[in-house]
Amino acid sequence: MWRLELLHPLSAHFPIVLTFVGTLFWFLGACGGRWPRLQAFWPASAVLLVLAALSAWWAVKTGLWADEVVGRELFDPRPLKDHENGAFTLTWLLTGGVVLDLGRRASAVPSWGRRWGGWVVAVMLLASCGLMGYVAHLGAGLVFQQGAGVMLPPDMN
């Protein structure tokens, strides 16, 4: 039960949910110019996306710990490398989008910077969601197709 590699699947689900919900809230808040009630989603989106980026870094760290144990058990290590590379790319992309969004919300940014920055953030968040789905799919494949991190009973080894 208390194996270090089990921290990764426990922590990997937080950035998945936080990224998707934070992005949804971001887009709802972006519609606040047309529908003012939706502006209430802006503060929530900022909090959720910051938590998504922080939890993504934690998932990467625990994934490196899991790799030390699980990487030796796989038949085909290529999906693991794709999962790791995708997770690093996703985490940097998400972190960059969050930092840009927080900077864009600062009052010292000119209006044209907020507008164009908003488009860049929108693309980065959508790309993060797409990449998150792919990375999660690869992680699920490692567990369900190759048995990564799954402990078999002694009589089945």
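Modeller: We shall discuss helix packing and then salt bridges. This is a predicted model, in which local features need pLDDT of at least 70 and side-chain atom pairs count only at pLDDT 80 or more, while totals for chains, interfaces and linings use all residues. Residues are numbered from 1 along each chain as its sequence is written, and side-chain values use heavy atoms, with hydrogens and water left out.

Biologist: How are H1 and H2 oriented to each other, roughly parallel or roughly antiparallel?

Modeller: Angles under 35 degrees count as roughly parallel, over 145 as roughly antiparallel, 65 to 115 as roughly perpendicular and the rest as oblique. The axes of H1 (residues 7-30) and H2 (residues 41-70) cross at roughly 155° and come within 7 Å. H1 and H2 are therefore roughly antiparallel.

Biologist: At what angle do the axes of H1 and H4 cross?

Modeller: The axes of H1 and H4 (residues 111-146) cross at roughly 150° and come within 10 Å, so these helices too are roughly antiparallel to each other.

Biologist: How many salt bridges does a search of the whole structure find?

Modeller: A salt bridge is a side-chain nitrogen of Lys or Arg within 4 Å of a carboxyl oxygen of Asp or Glu. The search finds 4. In one of them, Lys 81 is paired with Glu 84, with the closest N and O atoms 2.8 Å apart. Both lie in H3 (residues 78-104), 3 residues apart, and are separated by about one helical turn.

Biologist: Is Asp 101 buried or exposed?

Modeller: Buried means under 20% relative accessible area, exposed over 50%, and partly exposed in between (1.4 Å probe, protein chains only). Asp 101, at 3%, is buried. Its salt-bridge partner Arg 105 (3.0 Å, N to O) is partly exposed at 30%.

Conventions: Axes are lines fitted to C-alpha atoms, for helices over the stretch in contact, and angles run from 0 to 180 degrees between N-to-C directions. Helices (H or I, at least four residues) and strands (E, at least two) are DSSP runs, numbered from the N terminus.
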